[in-house]
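Biologist: I am new to this structure. Can you walk me through how to read its main features?

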Amino acid sequence: MNIFKKAERLKRVPPYLFKQIDNKKAELVSRGVDVIDLGVGDPDLPTPAHIIDALEMAARDPANHKYPSYSGMNDFKEAVAGWYLKRFGVSLDPETQVISLIGSKEGIAHLPMAFLNPGDMALVPTPAYPVYNIATLFAGGESFFMPLLEKNAFLPDLDSIPADVVRRARILFINYPNNPTAAVADPDFFKKVVRFARDNDIIVCHDAAYTEIAFDGYRPHSFLETDGAVEVGIEFHSFSKTYNMTGWRIGFAVGNPEAVAALGAIKSNIDSGVFRAVQLAAIEAIEGDQTCVREMTEIYKKRRDLMVNGLKAAGFDMDIPKATFYLWVKVPSPYTSADITSILLEKAGIVVTPGSGFGDPGEGYFRISLTQDTERLEEAVNRLKALDFRR
Ligand SMILES: *Cc1c(COP(=O)(O)O)cnc(C)c1O
């Protein structure tokens, strides 16, 4: 008998599809190949200095060394509510409608534990951030996968979900601006989502990690701007992408008070809140000068244009994203996502993410992250042009 025999929930985790790429990359690096990694969704830019200063000061204050409150400091929750009002015109009660998170991933992962019983279903987009499905499985639930297809502008087709699935569904996950497709959602889609959720008693969980990274004058919406959204939904936000704070582990959830309270009840039995100094730095991030966000967006826009033009010149095809720091590029025929990923790595030393790794309907695409400086991206473009996928 193996004493480390895994629990069923761990056995249900799908295999890590990027392991092969990671191994191959490590092998190339060890051979001295100059690998350009366009795979990871982790900003290369540093956290703005004024935010680091705020952390430094706060970290020196012994009052901040104690256990924080479970749901977040009042000042933090008020800052979040203030930002929502200013940014989205959405008014929130800081006490009952805002909760701090140890990164939005943590909150998203815990939400199904608050609402799913064994056998309940969650409606999960695919391709997608893997957490929605895995958190559903961990909670004992089952995922119904909603394909995100180009013909539907990478929005789920709610009308096509079978009635028996809708009856069993308790949570609907959505994510716009979207990772990995870089698609955005308009207010009409959110209206449809609210109607669907109300008609079928389903909680909407909107992952809004990329609302602040948008281009050409486009301003992504909060789901909570939609009439009736607060009656059915909870929205997750992150400091990770907006302020280059992936390593700091802070995010928040806002919206329906019952959803926020239930998530808080799970969390208070698992973690003990976010380090107060990190919360104080996060307050500085959203209440301080937002020039850093505009500058960051400008940098991503330049990279986007460079990469879109370069990829097109090299024979690739893709939509020009209005938001996020990803490009969702079509795989040229006759290749598969896995083929192109291997070819780009072996022949050009470029790491990209195969679309199929985010779910089956991602086959036929690969994802590029714009998280390298323009010099490295230019080098990547030159290598791609040398391969020449034009026909
Ligand atoms: C990066 C990302 C997050 C943010 O995760 P944190 O835990 O806040 O760092 C959430 N959702 C998606 C889709 C992401 O790409």
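Modeller: Start with strand pairing. Two strands pair if DSSP finds at least two bridges between them. Keep in mind that this is a predicted model.

Biologist: How many bridges join β12 to strand β13?

Modeller: Two bridges join them, and the strands run antiparallel. β13 covers residues 365-369.

Biologist: What is the strand order in the open sheet?

Modeller: The order is β9-β10-β13-β12, four strands with antiparallel pairing.

Biologist: Which strands stand at the edges?

Modeller: β9 (317-318) and β12 (353-354) do. Each has a single partner strand, so one side of each is left without a neighbour in the sheet.

Biologist: Which strands does α13 lie across?

Modeller: Helix α13 lies across β9, β10 (326-330) and β13. Its direction is at about 10° to β10.

Biologist: Now a residue in that helix. Is R304 buried or exposed?

Modeller: Compare its relative accessibility with the cut-off: buried means under 20%. R304 has 3%, so R304 counts as buried. R304 is found in α13, which spans residues 291-313. Leaving aside neighbours within four places in sequence, R304 is in contact with F215, D216, I320, P321, L327 and L370.

Biologist: How should I think about nonpolar cores?

Modeller: In soluble globular proteins, nonpolar side chains tend to be buried together. Here the largest nonpolar core has 101 residues. Those with the most contacts inside this core are Y84, L172, F223, F239, M307, F316 and I368. Helix α13 gives the most to this core, with eight residues. The core draws at least three residues from each of domain 1 (8-47 + 291-387) and domain 2 (49-287).

Biologist: What does Y84 touch, not counting residues up to four places away in sequence?

Modeller: Y84 touches G89, V90, L92, S222, L224, E235, H237, F252 and V254. There is also a second, separate core of 23 residues. L116, Y132, F173 and L263 are among them.

Biologist: Let me try another residue. Where is the place of V278?

Modeller: V278 sits in helix α12, residues 276-287. At 8% relative accessibility, V278 counts as buried.

Biologist: Which residues is V278 in contact with, leaving aside neighbours within four places in sequence?

Modeller: V278 is in contact with L55, W248 and I250. For a distance along the chain, take V278 and P257, which are 21 residues apart. Their C-alpha atoms are separated by 24 Å.

Note on methods:
Residues are numbered from 1 along each chain as its sequence is written. This is a predicted model: local features need pLDDT of at least 70, side-chain atom pairs count only at pLDDT 80 or more; totals for chains, interfaces and linings use all residues. Side-chain values use heavy atoms; hydrogens and water are left out. Buried means under 20% relative accessible area, exposed over 50%, partly exposed in between (1.4 Å probe, protein chains only). Contact means heavy atoms within 4.5 Å. A nonpolar core is a set of buried Ala, Val, Leu, Ile, Met, Phe, Trp, Tyr and Cys residues joined through side-chain atoms within 4.5 Å. Domain bounds come from an automatic or database domain assignment. Axes are lines fitted to C-alpha atoms, for helices over the stretch in contact, and angles run from 0 to 180 degrees between N-to-C directions.
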